[in-house]
Amino acid sequence: MGTIKPGGLGIKTRLFQVIFESDTRLGKAFDVVLALLIFLSVGIVLLDSVPEYHARFGDLFYALEWGVTLLFTLELALRIYCLEKPKLYLKGFYGVIDVLAIMPTWLALLFPGAQTLVVVRLLRTLRLFRVLEMMTVVGEGRLLMDALIRSRHQILLFLFTVLMLVTIFSSLLYLIEPTEAGFTSIPKSIYWGIVTLTTVGYGDITPVTAWGQFISMMIMLTGYSIIALPVGVFSAEVIRALRAERYSDEACPGCGKHRHEKDARYCKYCGTWLDEETPEPGSSG
């Protein structure tokens with residue numbers, strides 16, 4: 001995928017520098033004001049959901065929300081206007097989020113209550129990482145996401161195994177427990193099994209027989225014992241990713257050993273010059 005560029009010189013380039021870049025005072029100010037408007041709009045939705053505040057300030061909240069939405073709509077139009085390839089931006093992560101940010105209020109004209117979904121605007125505050133020079137945090141978040149993707153097969157296998165155990169235990173409880181205890185069906189029993197395995201324990205369904213209580217204890221102990229498994233798998237992938245970023249796979253031409261840091265120039269085992277493409281400093285060759 002290519003990079004977004006201004007659609008021309010003059011006003012489009014100036015708009016692009018303000019809206020999409022943050023290396024100028026005006027660009028940083030634009031992103032900060034944008035973040036404040038996002039927090040304002042989300043705060044309005046949160047407060048408007050409180051009956052007392054809605055009764056007293058409902059009209060004010062409605063006007064403020066539409067004002068912010070119109071500003072966001074104008075901002076999106078300016079983003080599209082100043083770009084060389086608007087479709088490239090709209091298909092990207094930030095483009096999708098920017099479109100979703102203005103949709104709920106407009107949809108509320110057809111589907112009352114849809115404006116509650118404006119909380120998705122909080123995702124737009126990710127641009128503050130760029131303003132606050134915290135892009136390293138974004139890089140670390142990407143590393144965690146990559147580790148999660150690489151461990152997806154082990155995690156899916158873990159979830160399947162847990163679901164299988166829950167289904168078996170829950171079916172046993174359905175057979176053992178009377179319907180008065182709440183185990184009226186196997187799906188209802190599976191709900192109880194998941195709640196018990198995760199040690200949440202709502203208490204709305206409780207086994208009353210001795211065997212049912214014994215199985216409940218086994219499920220709770222199983223939950224405590226297996227909860228560390230996906231954490232361990234994910235942690236191993238994170239460590240592997242950190243090592244991959246830090247160490248090079250190239251072998252030392254002198255001793256053949258691996259695991260040198262990427263910026264290393266000499267082998268830490270035998271002292272051989274590692275960069276075979278350039279001569280060693282101070283050597284005659």
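**Close-up 1. Helices α9 and α10 cross at roughly 50° in this predicted model.** The axes of α9 (residues 186-197) and α10 (residues 210-226) come within 8 Å, and the crossing angle makes α9 oblique to α10. On the α9 side, the contact uses Trp 192, Gly 193, Thr 196 and Leu 197; α10 brings in Ser 216, Ile 219, Met 220, Thr 222 and Gly 223. Sort the residues of this contact by type and you get four nonpolar, five polar and no charged.

**Close-up 2. Here's the largest nonpolar core, with 14 residues.** Phe 16, Phe 20, Ile 38, Phe 72, Cys 82, Leu 83 and Tyr 89 have the most contacts inside it. Helices α1 (11-20), α2 (25-48) and α3 (51-81) each give two or more residues to this core, and α1 hands over the largest share, four residues. Apart from this core lies another, of 13 residues, including Ala 181, Ile 205, Ile 219 and Ile 226. Back in the largest core, Phe 16, Phe 20 and Tyr 89 also form one aromatic cluster.

**Close-up 3. Trp 66 meets Trp 106 edge-to-face.** A search of the whole structure turns up six aromatic pairs. In this one, the ring centres sit 4.9 Å apart with the planes at 80°. Trp 66 belongs to α3 and Trp 106 to α5 (residues 93-107), so the pair ties together parts that are 40 residues apart in sequence. Trp 66 is buried at 16% relative accessible area, while Trp 106, at 35%, is partly exposed.

**Close-up 4. Phe 183 and Trp 192 make an edge-to-face pair.** Their ring centres are 5.3 Å apart and their planes lie at 75°. Phe 183 is buried, with a relative accessible area of 0%, and Trp 192 is buried at 4%.

Notes:
Residues numbered from 1 in each chain as written. Predicted model: local features only at pLDDT ≥ 70, side-chain atom pairs only at ≥ 80, totals over all residues. Heavy atoms only, no water. Axes fitted to C-alpha atoms, helices over the stretch in contact; angles between N-to-C directions. Parallel < 35°, antiparallel > 145°, perpendicular 65-115°, else oblique. Contact = heavy atoms within 4.5 Å. Nonpolar A, V, L, I, M, F, W, Y, C, P; charged D, E, K, R; others polar. Core = buried A, V, L, I, M, F, W, Y, C linked by side-chain atoms within 4.5 Å. Buried < 20%, exposed > 50% of the residue type's maximum accessible area, 1.4 Å probe, protein only. Phe/Tyr/Trp six-rings, centres within 6.5 Å; stacked < 30°, edge-to-face > 60°.
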